[in-house]
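Here is a brief report to read alongside the sequence and the model. Keep both in view as you go.

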Amino acid sequence: MRKKILVVVYNLERAREHEWFATTMDLSKYEIHFALVRKPASQLAVFLESHGIRVHRFAYDGKKSIPGLTYRLYRLIKLEQYDIVHTHLFETSLCGMMAAWAARVPGRIVTRHHSDYHHVNSRLAVWCDRLVSRLSTSVVAISENVKRILVEW
């Protein structure tokens, strides 16, 4: 039986790494969907749909949209019964991990792109980063510096 994967990304116009991921995965083993937040009419959406990848679009109008986005992602995740939810960037990782955890998704992966930005600028954001890490089953650090910040700070 194929595993269902939802990749949740924020505000991307184009992302070759996601294009590569979507087109090189073994589709006999995985069914891949994307949730695009804030840039629903992006080049990424056009590319994914032209390759038969299902795209879910979500509006986002700043931090006040976090509760609504979290709920809409939760409903999607429950409806589609994903096995893995993989998030990127701050807003979608916060909303996506809360939704995936609440929906009892067994595989919850977050890719951490920032290192010390929140530590320097916002205690609340640091708290949110820690929440995201705790709700995740795996955290991917994009560099040694990000890994060091995650482990030491």
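The model is predicted. Start with helix α1. The face turned away from its buried side carries the exposed residues R16, E17 and W20. The helix spans residues 16-24, and its buried residues are H18, E19 and A22. These three cover an arc of only 105 degrees around the axis, so they lie on the same side of α1.

What do the buried residues of α1 pack against? The partners are β1, β2, α2 (43-50) and β4.

## The overall layout

The protein has seven helices and six strands. From the N terminus on, the order is β-α-β-α-β-α-β-α-β-α-α-β-α.

Of the 153 residues, 45% count as buried.

## Helix α3: length and sides

Helix α3 covers residues 66-80, 15 residues in total. From first C-alpha to last, α3 reaches 21 Å, close to the 21 Å expected at 1.5 Å a residue.

Which residues of α3 are buried? They are I66, L69, T70, L73, L76, I77 and E80. Their arc around the axis is only 130 degrees, which puts them on the same side of α3. An α-helix has 3.6 residues a turn, so residues three or four places apart point the same way.

The face of α3 turned away from the buried side carries the exposed residues P67 and L79. The cover over the buried residues of α3 includes strands β1 (3-10), β2 (30-37), β3 (54-58) and β4 (84-88), along with helix α4 (90-102).

E80 belongs to helix α3. Is E80 buried or exposed? Its relative accessible area is 12%, under the 20% cut-off, so E80 counts as buried.

Leaving out residues up to four places away in sequence, E80 touches K4, H33, R54 and H56. Two side-chain polar contacts stand out for a closer look. The side chain of E80 makes one with the side chain of K4, at 2.7 Å. The side chain of E80 makes another with the side chain of R54, at 3.0 Å.

E80 and I5 are 75 residues apart along the chain, yet their C-alpha atoms are separated by 9.7 Å.

The charged end of K4 sits over the ring of Y82, 5.3 Å from the ring centre.

## The aromatic pair

How many aromatic pairs does the count give? It comes to one. The partners are Y10 and Y60, with ring centres 5.5 Å apart and planes at 85 degrees, so the pair is edge-to-face.

This pair links distant parts of the chain. Y10 is buried, with a relative accessible area of 11%. Y60 is buried too, at 8%.

Terms used. Residues are numbered from 1 along each chain as its sequence is written. This is a predicted model: local features need pLDDT of at least 70, side-chain atom pairs count only at pLDDT 80 or more; totals for chains, interfaces and linings use all residues. Side-chain values use heavy atoms; hydrogens and water are left out. Helices (H or I, at least four residues) and strands (E, at least two) are DSSP runs, numbered from the N terminus. The expected span of a helix is 1.5 Å times one less than its number of residues. Buried means under 20% relative accessible area, exposed over 50%, partly exposed in between (1.4 Å probe, protein chains only). The arc is that of the directions from the helix axis to the C-beta atoms. Contact means heavy atoms within 4.5 Å. A polar contact is a pair of N or O atoms within 3.5 Å; within protein, one must be able to donate a hydrogen and the other to accept it, and residues adjacent in sequence count only if both atoms are side-chain atoms. Rings of Phe, Tyr and Trp (its six-membered ring) pair if their centres lie within 6.5 Å; planes under 30 degrees apart count as stacked, over 60 as edge-to-face and the rest as tilted. A charge sits over a ring if NZ of Lys or CZ of Arg is within 6 Å of the ring centre and within 35 degrees of the ring normal.
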